[in-house]
2 protein chains.
Amino acid sequence: MKSPGLDQRKAYILATVVYEYVATAEPVASQTLTQKYNLGISSATVRNEMAELEAGGYLVQPHTSAGRVPSDAGYRTYVDQLMEPEALTAADRRRIRDELRDASRELDELIDQTTRMLGRLSNNLAFVTRPQADTQLFKHVQLISLAPRTGVAIVVTSLGVSAQSLFELTSDVAAEDLTRLSSALNAHFADRKLRDVGETEIAAIVTELKLTDELRGAVAAAVQSARSNETPAIAAAGAQNLLDQPEFHDARKLQSILRIVEEQRTLYEIVADAMTSENPSVKIGHELGSEELADLSVVTVPYSFGPDASGMLSILGPRRMPYARLLALASGTAETLSQRLADAEIK
Amino acid sequence: MKSPGLDQRKAYILATVVYEYVATAEPVASQTLTQKYNLGISSATVRNEMAELEAGGYLVQPHTSAGRVPSDAGYRTYVDQLMEPEALTAADRRRIRDELRDASRELDELIDQTTRMLGRLSNNLAFVTRPQADTQLFKHVQLISLAPRTGVAIVVTSLGVSAQSLFELTSDVAAEDLTRLSSALNAHFADRKLRDVGETEIAAIVTELKLTDELRGAVAAAVQSARSNETPAIAAAGAQNLLDQPEFHDARKLQSILRIVEEQRTLYEIVADAMTSENPSVKIGHELGSEELADLSVVTVPYSFGPDASGMLSILGPRRMPYARLLALASGTAETLSQRLADAEIK
DNA sequence: TTTGGCACTCCTGGCGTCGGAGTGCTAGTA
DNA sequence: TACTAGCACTCCGACGCCAGGAGTGCCAAA
């Protein structure tokens, strides 16, 4: 009863309207409530209550003689105060575990597969940011000579990802020099945070070994590339699931969503502020900040491994979504994924 | 006049019907033809001709008193014999060149960006296979020690891609041993075709250096992973463009397409037989082999670099697509992409 | 405060009508 | 013989109308 305007009965009615509307996609009538859920009161009373809920902004009527539909505020109240957290079924839990166990060890592919699975399980559009590893550790750099003036710099981090940068030089360099440089860099930077592997220090080492400054550029580029795993690319899957929902039978709706997914920028903005928190976040309708997205909602759950490396796991669907279930699915997946990643991390 | 049943006038009428229908998405009436294209004959004559074209299977009538629409066979004849190859406008050509010049040097990203561009330019769904490099060359392998019993094997090929494989050993191994093994492998395999880097030869070298057989597995896994660039993953972009077409206002159509795109398998089948040829290929409607895809067409153009590395660049859209223009766009993009890749390849 | 009852509103779907677009055919013309 | 003008015919699609039904709001009674 946090909200002063909502006594227990109103709260229950609101919750039931949300529940029923999520299930049927039809405006909910007073009679439906009294028949399907035994409220112990008549439909007339329910009508009175619903009229007040509408006055309070929790429900809206598509037209005069129709049932009620939750408003953004209605969903919000439901999510924050009324709904019962759902637990994953054992079957779901097992399925998540099995699918992730069989998934690739390669980070990008693992994220891709997780996204697909989540899209499938949730029957909505799932998107997952690749982990933003603020503090991944520098593990190794290796400069490899491919031709007298061509080579590649490869950086390995604690995420197990290697980043590479091809380089071409204006003068020949001996393979041994590249090896010497690699060793020196490794000795100097080993197990430092990647963000602390700075260009000036690299330059100092290059100069000390009397090597061309071009090599500094090559190493810096590879480090930069490894660091770019930090601006999270986003994998998305399951757009076709949305077409099952009646609200997307209009093609225009879907078009804007597809565009948004392909562009990624908007998706990123959606998760960006959820990013600051370590708790699940739910954004409903207009809370997404765009008229185009006004009848959608997004559930976002963080996953993490190691002290600071983390990413976000989101489900996007119609506002009329089963919030509790999707939160459970996302949380369960996040948990398993976190664990899977922690296991794979290079200590 | 290859086809015996089509005299010059019928051919022209068929071509015009296709052209007009592609432009308007409306069944084409006899009067429309005489008014918009000066045929020098009356609409009644056109009607007679169209009736014969329908009898020949080139046109169909959605209903009795409607205009004509091309059939699969009609489009096929148009594509094979009637349409005039289109040349890219200078503006398009420049745009392709500019976008690809600014694109990433990283292979996967380059392919992604190319796909997006092609989707945008063509206003349809584009998909591109990553290059299938039958004969990419082995350039370098580097075994890196990350911890006494953990390391990573990295393989660099002539595509400039590095593949990696983490390994864990049951007993310690000295960093120098890994270096020795790397050198031996490099000396032995340098510039061999990747497919010829066989496990038995690797095993022989490992044994010769008296190293644990686990390292053979690690190296083989990395080579295998590099080789897996050969089973082409497919990048797709532009699904939302399809929604502009009236034939996709029905959501079900789109759903099957989205599913197909996400699964990739069907996409792969579509390009698979085009793969054998070095010429552009066009598949129309039922030629795609599935009732679900019956009102779609796909244009496929190969790109290549080096002697054997190659991939496919496809555009999928409604059967009613501007074939000549899409072929020109795909070909132009393929050409520029091929060149871009050839420049980046490690000699 | 609750509830039964009732009048009212508005949506929805079915039905018939009507206009127009386009054809096929016939008869006439070059 | 090939073309064309004209006309009757077909069929689609839009429109308006109506009836049915779902659901409400409100009133008056418990």
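B:Lys210 sits in the loop that links H8 to helix H9 (213–227) of chain B. In this predicted model, the phi of B:Lys210 is near 60 degrees, a positive value in a residue other than glycine. For context, most residues other than glycine have a negative phi. B:Lys210 has 7 other C-beta atoms within 10 Å, so it counts as exposed. B:Asp191 shows a positive phi too, of about 65 degrees, although it is not a glycine. This residue belongs to the loop between helix H7 (175–189) and helix H8 (199–208) of chain B. With 8 other C-beta atoms within 10 Å, B:Asp191 is exposed.

Further along chain B, B:Asp343 is part of helix H13 (residues 323–344). B:Asp343 has 9 C-beta neighbours inside 10 Å and therefore counts as exposed. Between B:Asp343 and B:Gln264 there are 29 Å in space, C-alpha to C-alpha, and the two are 79 residues apart in sequence.

Turning to how helices pack, two packed helices are described by the angle between their axes and the distance between the axes. In chain B, helix H1 (residues 8–24) and helix H3 (residues 43–55) pack at an angle of about 85 degrees, and their axes are 10 Å apart. H1(B) and H3(B) are therefore roughly perpendicular to each other. On the H1(B) side the meeting residues are B:Arg9, B:Lys10, B:Ile13 and B:Leu14, and on the H3(B) side they are B:Val46, B:Glu49, B:Met50, B:Glu52 and B:Leu53. Sorted by class, this contact of H1(B) with H3(B) holds five nonpolar and four charged residues, and no polar ones.

Another pair in chain B is helix H11 (residues 251–263) with helix H12 (residues 265–272), whose axes come within 5 Å and cross at roughly 80 degrees. B:Ile260, B:Val261 and B:Glu263 make the contact from H11(B), while B:Arg265, B:Thr266 and B:Leu267 make it from H12(B). The contact of H11(B) with H12(B) splits into three nonpolar, one polar and two charged residues.

What about the two chains together? Here 29 residues of chain A are in contact with 29 residues of chain B. On the side of chain A that touches chain B, at least two residues each come from strand S4 (138–147), strand S5 (150–157), strand S6 (162–168), helix H10 (239–242) and helix H11 (251–263) of chain A. That side of chain A is made up of 15 nonpolar, nine polar and five charged residues.

Inside the structure, the largest nonpolar core has 138 residues, and A:Ala330 and B:Ala330 have the most contacts within it. Setting aside neighbours within four places in sequence, A:Ala330 is in contact with A:Leu118, A:Val299, A:Val301, A:Leu313 and A:Ile315. Another core, of 56 residues, lies apart from that one and includes A:Ile144, A:Leu185, B:Leu143 and B:Leu146.

Next come the DNA strands. Around DNA strand C there are 18 residues, of which A:Ile41, A:Thr45, A:Thr64, A:Ser65 and B:Ala29 come nearest. H3 of chain A, along with helix H2 (30–36) and H3 of chain B, each supply at least two residues of the surface near DNA strand C. By class, that surface has six nonpolar, 10 polar and two charged residues.

DNA strand D has 19 residues around it, and A:Ala29, B:Ser42, B:Thr45, B:Thr64 and B:Ser65 come nearest. For the surface near DNA strand D, at least two residues each come from helix H2 (30–36) and helix H3 (43–55) of chain A and from H3 of chain B. H3(A) gives the most to this surface, with four residues. The surface near DNA strand D counts seven nonpolar, 10 polar and two charged residues.

Last up is A:Gln61, in the loop between strand S1 (59–60) and strand S2 (69–70) of chain A. A:Gln61 has 14 other C-beta atoms within 10 Å, so it is partly exposed. Neighbours within four places in sequence aside, A:Gln61 is in contact with A:Glu54, A:Ala66 and A:Arg68. The C-alpha atoms of A:Gln61 and A:Gln339 are separated by 45 Å, and these residues are 278 residues apart along the chain.

Note on methods: Residues are numbered from 1 along each chain as its sequence is written. Chains are lettered from A and ligands numbered from 1 in the order in which they are written. This is a predicted model: local features need pLDDT of at least 70, side-chain atom pairs count only at pLDDT 80 or more; totals for chains, interfaces and linings use all residues. Axes are lines fitted to C-alpha atoms, for helices over the stretch in contact, and angles run from 0 to 180 degrees between N-to-C directions. Angles under 35 degrees count as roughly parallel, over 145 as roughly antiparallel, 65 to 115 as roughly perpendicular and the rest as oblique. Two residues are in contact if their C-beta atoms, placed from the backbone, lie within 7 Å. Ala, Val, Leu, Ile, Met, Phe, Trp, Tyr, Cys and Pro count as nonpolar, Asp, Glu, Lys and Arg as charged, and the others, Gly among them, as polar. A residue is near a molecule or strand if its C-beta atom, placed from the backbone, lies within 6 Å of it. A residue is buried if 20 or more other C-beta atoms lie within 10 Å of its own, exposed if 12 or fewer, and partly exposed in between; C-beta atoms are placed from the backbone. A nonpolar core is a set of buried Ala, Val, Leu, Ile, Met, Phe, Trp, Tyr and Cys residues joined through C-beta atoms within 7 Å.
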